[in-house]
Amino acid sequence: MYARNQFVKLSCAIAFGLLTTAAQAESPTLAKIKRTGTVTLGYRESSIPFSYLGADQKPVGFSLDLCAQVVDKIKEDIKLDKLAVTLQSVNSSNRIPLMQNGTVDIECGGTSSNAARLKQVAFTVATFVSSARWMTKASSGIQDVKGLDGKTIVVTQGSNAVGFAQGIKAKGATFAIVQAKDHAESMLMLQSGRAAAFMEDDILLASLRARAPDPTAFAFLPETYEKVPYGLMLPKDDPEFKALADGVLKGLMASGAFTKLYAKWFESPIPPNGENLNFPMSDALKERVAHPSDALDF
């Protein structure tokens, strides 16, 4: 009887091991990366400090540093001596389609997770928590969102701010909404006076303000909107690949390495011009670092 029980246990262990190996092998993203010997990272050109063009027009940023750690783990897991890394520029409009069609394996930008996007792509545990806000010219005299009535405001095409602005307008605001192709164009519209306010996630506005010739020329309105988690964007329906990326991020958070990377990009001078965003980690993000999660609710 003892021998039989041991045989059954051994058989179950072998079966479990085979199932685990098979499950790992089922990741279509990892299979493609192993087959091609290449992983493609999507990056943004102006989403400071997450992903943007630094010195010599080379992409740098907080999200790219996190992605580099994930790439190291991919290389280790699929046992490749060499793994080529291709960088693909993406924007608000094409980042999800390029993920869906397999052009990009991980988007290392400043993208927030929401219910609508989760129907199309996946996200890692949160790497940042932001709130949408309005930024205006300090000289405009606008004190709150009511001061925007009758004026033109700008949002970046494809961003969460589009829905936020439309929701505010649906509740009775009378501003006109225009959509710019990217954050740089939105900022230009505000700087040039073609828009009275620019609505976007607070950290992206802070980073754009820091890069302006005169950061003091811009001010935030007091209103803040719901908290939203950012994460590295991944292909949908590939839980093995998500588990790998989540495992890397959770390890960085537990070791304190994540907090050091945050300080490097949000609280220190950053390339190419040495601006300091002076943006300490929020309580909401501290909670996610202590207890990693990809949940949308706070």
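Trainee: Which classes of residue make up the lining of the second largest cavity?

Mentor: Seven of its lining residues are nonpolar, one is polar and two are charged. Here Ala, Val, Leu, Ile, Met, Phe, Trp, Tyr, Cys and Pro count as nonpolar, Asp, Glu, Lys and Arg as charged, and the others, Gly among them, as polar. This is a predicted model, in which local features need pLDDT of at least 70 and side-chain atom pairs pLDDT 80 or more, while totals for chains, interfaces and linings use all residues. Residues are numbered from 1 along each chain as its sequence is written, and side-chain values use heavy atoms, leaving out hydrogens and water.

Trainee: How is a cavity found?

Mentor: Rolling a probe the size of a water molecule over the atoms shows where empty space is left. On a 1 Å grid over the protein atoms alone, a cavity is a set of points where a 1.4 Å probe fits but cannot get out, and lining residues have an atom within 4 Å of a point. Points are joined across faces, edges and corners, and the volume is the space filled by probe spheres set on them. The second largest cavity has about 40 Å³, and its lining includes I48, Y52, S207 and L277. Helix α7 (residues 202–211) gives the largest share of that lining, three residues; helices (H or I, at least four residues) and strands (E, at least two) are DSSP runs, numbered from the N terminus.

Trainee: Is S207 buried or exposed?

Mentor: S207, found in helix α7, is buried, with a relative accessible area of 1%. Buried means under 20% (1.4 Å probe, protein chains only). Leaving aside residues up to four places away in sequence, S207 touches I48, P49 and L277, contact being heavy atoms within 4.5 Å.

Trainee: And what lines the largest cavity?

Mentor: There are 14 lining residues, with R95, G110, S159, E200 and D201 nearest the centre. The lining has three nonpolar, six polar and five charged residues, around about 80 Å³ of space.

Trainee: Where do nonpolar residues gather?

Mentor: In soluble globular proteins, nonpolar side chains tend to be buried together. A nonpolar core is a set of buried Ala, Val, Leu, Ile, Met, Phe, Trp, Tyr and Cys residues joined through side-chain atoms within 4.5 Å. The largest one here has 70 residues, with I74, I106, W134 and L148 making the most contacts inside it. Apart from that core lies another, of twelve residues, among them M187, L190, L208 and F218.

Methods
1 Å grid on protein atoms, 1.4 Å probe; cavity = no way out; pocket = protein on both sides within 12 Å on 5 of 7 lines; lining within 4 Å. Buried < 20%, exposed > 50% of the residue type's maximum accessible area, 1.4 Å probe, protein only.
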